[in-house]
Amino acid sequence: MIGLPHYLMLSVVLFCIGAFGVLIRRNLLIILMSVELMLSAGNIALVAFSSFHGTLDGQVIVLFSFVVAACEVAVGLGIIIAAFRIRASVEVTEWHRLKG
Amino acid sequence: MESILFYCFAALTVGLALVVIVQPNPVGAAVALVGAFFGVAGIFVLLQAHFVAIMQLLLYAGAIMVFFVFVVMLLNLEPRSIRFRTLTGSRLVRSTAAIYLAAILLLSMLGALRMNKMPAVAATDGTLEAVGRLLLTDYVVPFEILSVLLLVAIVGAVAMGKREL
């Protein structure tokens, strides 16, 4: 029998894979993809709680999160293209001077 | 039956997510990400969130991934494998932070698993009608604000794409 903890466990595993991807990769595109993975993990948790709680509010919030993800990808890829135009590379190591 | 499907979709999602973060070639990572999103859509169907599952396929596996593949094609990148140095050295500290986070979350989840007093699945079908009704009654103000957010994102993306910033 699959219960709420199983779905939450899947969500945690997916989130950690995404966080690990952000930390170990240097390609800006793949970092953005890992952020999408983390967002999906959050969506799974929201839908699981909503479904097991018996209300639909969580699913509505997931729809909002889809729109926010679409905006994030649009602006993020715009930034990546602008960065590529300046340094001809999408490696984060090219931008280490931003580290403050 | 439900548990078999759950484990299939979960294995698909986690396996392809791992492929995303180890794949040297960005195109391969994008294709693996599409597969992972299909797995997540299957999980949503198992949770009876049908409308969210359809939107996951249309928005993520459709629109967002087309965007990713388009940019990968535009930038014309060569694959670059992860060097071992990335996993050691000063990055080790940050990776350890991720592993620490994973351990904490997994331990708390194991604690939750031990609670065998789980609520039963209530019959809530996330159909288009039910979700749409909620979206246009209780959540109508956030729904309208989202359209402003989309407008801001369009203007921002066009501004970032200009020849000189």
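Two residues count as in contact here if their C-beta atoms, placed from the backbone, lie within 7 Å. Everything below comes from a predicted model, where local features need pLDDT of at least 70, side-chain atom pairs count only at pLDDT 80 or more, and totals for chains, interfaces and linings use all residues. Residues are numbered from 1 along each chain as its sequence is written, while chains are lettered from A and ligands numbered from 1 in the order in which they are written.

**View 1. A:I44 and its contacts in both chains.** Skip the neighbours within four places in sequence, and A:I44 is in contact with A:Y7, A:L10, A:S11 and A:L14, plus B:V40 and B:I43 from the other chain. Along with B:V20, A:I44 has the most contacts inside the largest nonpolar core, a set of 67 residues. Such a core is made of buried Ala, Val, Leu, Ile, Met, Phe, Trp, Tyr and Cys residues joined through C-beta atoms within 7 Å. Buried means 20 or more other C-beta atoms within 10 Å of the residue's own, exposed means 12 or fewer, and partly exposed is in between, with C-beta atoms placed from the backbone. At least two core residues come from each of α1, α2 and α3 (57–87) of chain A and α1, α2 and α3 of chain B. The top contributor is α2(A), with 15 residues. Helices (H or I, at least four residues) and strands (E, at least two) are DSSP runs, numbered from the N terminus.

**View 2. Helix α1 of chain A, end to end.** This helix covers residues 4–24, 21 residues in total, and reaches 30 Å from its first C-alpha to its last. That is close to the 30 Å expected at 1.5 Å a residue, where the expected span is 1.5 Å times one less than the number of residues. Since 16 of its 21 residues are buried, α1(A) is largely enclosed by the rest of the structure.

View 3. A:G42 lies in helix α2 (residues 28–53) of chain A. A:G42 is partly exposed, with 17 other C-beta atoms within 10 Å.

**View 4. A:A74 where it touches chain B.** Sitting in helix α3 of chain A, A:A74 touches B:A153 and B:A157, not counting residues up to four places away in sequence. A:A74 is buried, with 21 other C-beta atoms within 10 Å.

**View 5. The side of chain B that touches chain A.** Here 68 residues of chain B are in contact with 60 residues of chain A. Elements of chain B giving two or more residues to this side include α1 (2–22), α3 (50–75) and α7 (140–160). By type, the side splits into 56 nonpolar, 9 polar and 3 charged residues; Ala, Val, Leu, Ile, Met, Phe, Trp, Tyr, Cys and Pro count as nonpolar, Asp, Glu, Lys and Arg as charged, and the others, Gly among them, as polar. The model scores ipTM 0.91 and pTM 0.85.

**View 6. B:Q48 in its loop.** B:Q48 is found between α2 and α3 of chain B, and has a positive phi of about 60° although it is not a glycine. Most residues other than glycine have a negative phi. B:Q48 is partly exposed, with 19 other C-beta atoms within 10 Å.
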